[in-house]
Every structure is written in structure tokens, then in C-alpha cells.
Amino acid sequence: MDKRIKLRVQGLTNSQIQSGAYALILAEEDGLRRIPIIVGTAEAQSIAIALEQITPPRPLTHDLFTVFSQAFNIELLEVYIYKFEDGVYYSELLFHNGEREVRLDSRTSDAIAIALRVSCPIFTTEEILQECGVVLEDSLFNEEKDEDLEEFIEDLEPEDLESEEQLYKWLRLLETDELQERMEEAIGDENYEHAKMYKDELQRRTETGEI
């Protein structure tokens with residue numbers, strides 16, 4: 001059996017590979033490697049809602065699935081990303097109903113969205129981490145300001161940025177009031193991916209004593 005590595009959900013970002021998609025970043029719990037998984041807009045929204053513990057006006061499909069399973073005392077024990085083939089991650093859900101365990105295949109994006117709602121662990125194999133894992137450089141999060149961005153910073157939107165590095169720099173250049181206003185507007189528009197992005201930056205500033 002392959003060595004199992006525990007993962008945590010680090011966050012979501014705009015995909016630099018596929019237009020109109022997002023990259024779900026899974027991080028090795030006790031290491032530096034990260035796995036980027038491309039997900040669609042609907043899946044990204046559902047994951048963002050779970051990460052931020054936001055209650056939408058109407059339950060999403062993953063919310064309904066979670067409530068349904070809990071109503072019948074079916075517990076999700078874990079999510080296991082067990083294979084990567086032709087650019088696709090394959091996952092399975094391990095359920096327990098009090099008497100027996102059942103494994104079901106699932107799209108990885110659906111599996112993560114459900115796992116976040118029930119706080120169950122997520123695992124993958126060492127082989128997948130070796131093949132797909134990347135180590136994010138600290139320079140991606142440095143404090144250096146980009147003069148080109150400073151000139152028109154308030155007119156930019158996340159989708160206008162060409163890279164993750166510019167995105168992180170841009171978020172750090174925004175005033176705190178601007179971040180708060182953008183976050184509230186994004187929540188009102190049900191754009192939870194952007195809302196999470198702004199909230200993460202506000203949280204970072206709070207933790208570092210910047211606000």
C-alpha cells in the first residue's frame with residue numbers, strides 16, 4: 001500500500017492555466033509541497049463557502065449531500081486522492097454507517113467540498129506528491145511593492161492580474177478600508193472566491209498587527 005500523506009486545504013486562486021477556472025491548493029500538512037488542482041467556478045464557490053463558513057441564502061448541492069448523510073447517521077471518515085492520470089486526480093470517499101464501511105469514487109473537487117463541511121481528513125499518496133507537488137517560494141509573499149500597480153491599484157480586479165505574484169502584491173497594496181468594502185460587495189454578489197481572497201488578506205493583517 002502506498003504511503004499516505006495528510007493534506008490540508010490552503011486556499012483557492014485564479015487559474016493561470018485555464019481561463020474561467022480556479023486552482024485549489026492542497027498543502028502537505030507536515031511539509032512544504034503543494035498540489036494545485038484545477039476546479040470549475042461552481043466547485044470553487046462551494047469550496048470557498050465551506051472555507052469561510054458562510055451560509056448561502058439557499059443550500060448548495062454539497063450542503064444538501066452533507067445534511068442528507070447526517071440525517072441517516074452516515075459519517076464521512078476520510079477523503080483519499082489515490083491516483084493522478086492524464087491530468088486528472090481520482091478520489092474516493094470512505095463512509096461508515098455504524099455497521100460497515102463503503103468507499104465511493106468522487107470527483108476531487110466534490111470530495112474536498114464535502115470534506116470541508118464535515119471536517120474529515122484528506123489524504124493522498126507519496127507518489128502523487130512526488131509527481132505533482134510543488135514548493136511555493138517565499139518570494140511569492142514578499143513585501144516589495146510594484147510601482148506599476150500603485151498607479152492604478154484601486155481600478156484593478158483580481159482577474160486583471162497576470163500572475164499569483166502580482167495578485168499577492170496587489171492585495172497587500174490595497175488599503176484596509178478598500179479590502180473590507182470589496183469583501184462585503186463580493187459577498188453581496190455571491191462571489192465567494194473573491195470574498196475569501198479579501199478576507200484572507202484582512203486576517204493576515206490582523207495576525208501580524210498591521211490593523
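Predicted model: local features only at pLDDT ≥ 70, side-chain atom pairs only at ≥ 80, totals over all residues.
View 1. The buried residues of H1 are Glu43, Ala44, Ser46, Ile47, Ala48, Ile49, Ala50 and Glu52.

**View 2. The crossing of helices H2 and H3.** Helix H2 is formed by residues 61-71 and helix H3 by residues 108-118. Their axes come within 10 Å and cross at roughly 55 degrees. That angle makes H2 oblique to H3. The crossing in which H2 passes H3 is right-handed.

**View 3. Residues in the contact of H2 with H3.** From H2, the residues that take part are His62, Asp63, Phe65, Thr66 and Gln70. They meet Asp110, Ala113, Ile114, Arg117 and Val118 in H3. By type, the residues of this contact divide into four nonpolar, three polar and three charged.

**View 4. The crossing of helices H7 and H8.** Helix H7 consists of residues 176-188, and helix H8 of residues 192-207. The axes of H7 and H8 come within 8 Å, with a crossing angle of roughly 150 degrees. Angles over 145 degrees count as roughly antiparallel, and H7 and H8 are therefore roughly antiparallel to each other. Their crossing is left-handed.

**View 5. Residues in the contact of H7 with H8.** H7 contributes Thr176, Leu179, Gln180, Arg182, Met183, Ala186 and Ile187. On the side of H8, the residues met are Tyr192, His194, Ala195, Tyr198, Lys199, Glu201, Leu202 and Arg205. The residues of this contact divide into eight nonpolar, three polar and four charged.

**View 6. Aspartate 177 in helix H7.** Aspartate 177 belongs to helix H7. Is this residue, aspartate 177, buried or exposed? Aspartate 177 has a relative accessible area of 65% and is therefore exposed, since the term applies to values over 50%. Aspartate 177 and leucine 202 lie 25 residues apart along the chain, and their C-alpha atoms are separated by 9.7 Å. Leucine 202 is one of the H8 residues that meet H7.

Definitions and conventions:
Residues numbered from 1 in each chain as written. Heavy atoms only, no water. Axes fitted to C-alpha atoms, helices over the stretch in contact; angles between N-to-C directions. Helix = DSSP H or I, 4+ residues; strand = E, 2+ residues; numbered from the N terminus. Parallel < 35°, antiparallel > 145°, perpendicular 65-115°, else oblique. Left-handed = near helix turned anticlockwise from the far one by under 90°. Contact = heavy atoms within 4.5 Å. Nonpolar A, V, L, I, M, F, W, Y, C, P; charged D, E, K, R; others polar. Buried < 20%, exposed > 50% of the residue type's maximum accessible area, 1.4 Å probe, protein only.
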